[in-house]
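Dear colleague,

I am passing a structure on to you below, and after it I set out what was found. Please read the notes with the structure open beside them.

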Amino acid sequence: MTNLEEHYNKFNEDKRLLRRHGNVEYVTTLQYIHESIERLKNEGSGDIRIIDVGAGTGRYSVALAEEGYDVTAVELVKHNLGLLKAKNANVKAYQGNALRLKRFANDSFDLTLLFGPMYHLYTAEDKLKALNEAARITRPGGIIMVAYLMNEYGVLTYGFKEGHVLECLEDGRLDENFQCHSEEKDLYDYMRLEDISELNQRSGLTRIKIIAADGPANYMRTELNAMSDEVYEAFIRYHLSVCERMELMGATAHTVDILRK
């Protein structure tokens, strides 16, 4: 069993997205999924075919299938895949790797979600390979949504808040410019905006927009939990009103890059 499989056999992704800080990410991402679907419909797409690559336990794929969409899910970790299959038999769910999607023909889907894999790919070449595979199975004019973990979130939380910054500088996980350099044993990899833009350029994909999926929510877990329901709802409205502002992108925990093939 790989380190990644061991991690996700213990980690409850559904529970994370149901907590208030995770719900900010979920609500925001789902809103932009729906926006992308409406964009495709307005451009003449009929039945929208969706694939969720790195689907985890199916938080997005199950919700979309329950809305009536044709949804395919691919997940690497067997434990997650089993949980996904138990939720909704209408999701066509397969075990698979984002780097090799040979099961699927070129131009098969209108909307491709690539939300988990980029967190766990540690070289630019592997990230590019995953992005190119996502593009291959997406039809011309289709949309690809790609999630990333952001560099400054990792530095500020694990580095400074949790007190590991000096050891990371010493062992090379952080360079002199405080850029993260992760390996498989670290489980997660982190990006800066210029890294994401370079991937897009190399893949030939065009950005529609990029969003801060959770903005300051991960830094404000205690404060969010202490809010009344009314204040929390106001926070969600605030976040949705500013999540496209570029000044928020660098320090958010998660971004979602929305791309056109």
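Contact here means heavy atoms within 4.5 Å, and helices (H or I, at least four residues) are DSSP runs numbered from the N terminus. This is a predicted model, in which local features need pLDDT of at least 70 and side-chain atom pairs count only at pLDDT 80 or more, whereas totals for chains, interfaces and linings use all residues. Residues are numbered from 1 along each chain as its sequence is written, and side-chain values use heavy atoms, with hydrogens and water left out.

In helix α3 (residues 20-42), Glu-25, Tyr-26, Thr-29, Leu-30, Ile-33, His-34 and Ile-37 meet Arg-59, Tyr-60, Ala-63 and Leu-64 of helix α4 (residues 59-66). The residues of this contact divide into seven nonpolar (Ala, Val, Leu, Ile, Met, Phe, Trp, Tyr, Cys and Pro), two charged (Asp, Glu, Lys and Arg) and two polar (the others, Gly among them). The axes of α3 and α4, which are lines fitted to C-alpha atoms over the stretch in contact, with angles running from 0 to 180 degrees between N-to-C directions, come within 11 Å and cross at roughly 50°.
That makes α3 oblique to α4, since angles under 35 degrees count as roughly parallel, over 145 as roughly antiparallel, 65 to 115 as roughly perpendicular and the rest as oblique.

Most residues other than glycine have a negative phi. Leu-187, in the loop between α8 and α9, has a positive phi of about 75° and, at 17% relative accessibility, counts as buried (under 20%, with a 1.4 Å probe and protein chains only).

Definitions and conventions:
Helix = DSSP H or I, 4+ residues; strand = E, 2+ residues; numbered from the N terminus. Buried < 20%, exposed > 50% of the residue type's maximum accessible area, 1.4 Å probe, protein only.
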